[in-house]
Amino acid sequence: MSDTESTVAVLYADISNSMTLFQALGDVRAREVIRLLFEGLQQRVSDQDGRVVKFIGDEVMCAFPSAECAALAALAMQRHVSESRAEPPLSLRI
C-alpha cells in the first residue's frame, strides 16, 4: 500500500418506513424528528472516529478508519434509535 492509500469502511444507514413518520406527523415535524435523530447518530459516528460524509433525505453515509469502528458505531446507532422516544417508533437499517 502506498503512502496515499488508506483503508476506509463505509456505512450507510436509513430510517425504516420513514413515509409512516411523514404521514403521522406531517412534513415539518417529521423533518425535525429526523434532524434531531441524525444529530444523535452523528455523535455516535464521531465517538468511533468516523465522519459523516453526507445526509441524503432519511439516509446518512459515514466513513470510518476500520470495519471494527464502523461496526461499533452501527451498534451505538441502533441503540440510540431504539432508546429514542419518537412517535411513531423508529428503526434504522444499516
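Before I go on, the conventions. This is a predicted model, in which local features need pLDDT of at least 70 and side-chain atom pairs count only at pLDDT 80 or more, while totals for chains, interfaces and linings use all residues. Residues are numbered from 1 along each chain as its sequence is written, and side-chain values use heavy atoms, with hydrogens and water left out.

Back to Phe55. What does a search of the whole structure find in the way of aromatic pairs? It finds 1. The rings of Phe38 and Phe55 have centres 5.0 Å apart and planes at 25°, so this pair is stacked. The rule takes rings of Phe, Tyr and Trp (the six-membered ring for Trp) with centres within 6.5 Å; planes under 30 degrees apart are stacked, over 60 edge-to-face, and the rest tilted. Phe38 sits in helix α2 (residues 27-47) and Phe55 in strand β2 (residues 51-56), so the pair ties together parts 17 residues apart in sequence. Helices (H or I, at least four residues) and strands (E, at least two) are DSSP runs, numbered from the N terminus.

Next, the core. The largest nonpolar core has 26 residues, and Leu11, Phe64, Met77 and Leu90 have the most contacts inside it. Such a core is a set of buried Ala, Val, Leu, Ile, Met, Phe, Trp, Tyr and Cys residues joined through side-chain atoms within 4.5 Å. At least two core residues come from each of β1 (9-15), α1 (18-25), α2, β3 (59-64) and α3 (67-83), with the largest share, 7 residues, from α2. Leaving aside neighbours within four places in sequence, Met77 is in contact (heavy atoms within 4.5 Å) with residues including Leu11, Leu41, Val60 and Ile94.

Which loop residues deserve a look for their phi? Most residues other than glycine have a negative phi. Asn17, in the loop between β1 and α1, has a positive phi of about 55° and is exposed, at 59%. Asp49, in the loop between α2 and β2, has phi near 60° and is exposed too, at 60%.

Last, the cysteines. How many disulfides are there? The count is 0, a disulfide being a pair of cysteine sulfur atoms within 2.5 Å. The sulfur of Cys69 is 12 Å from the closest cysteine sulfur, in Cys62, too far for a bond. Cys62 is buried, with a relative accessible area of 0%, and Cys69 counts as buried at 14%.

Technical notes:
Buried < 20%, exposed > 50% of the residue type's maximum accessible area, 1.4 Å probe, protein only.
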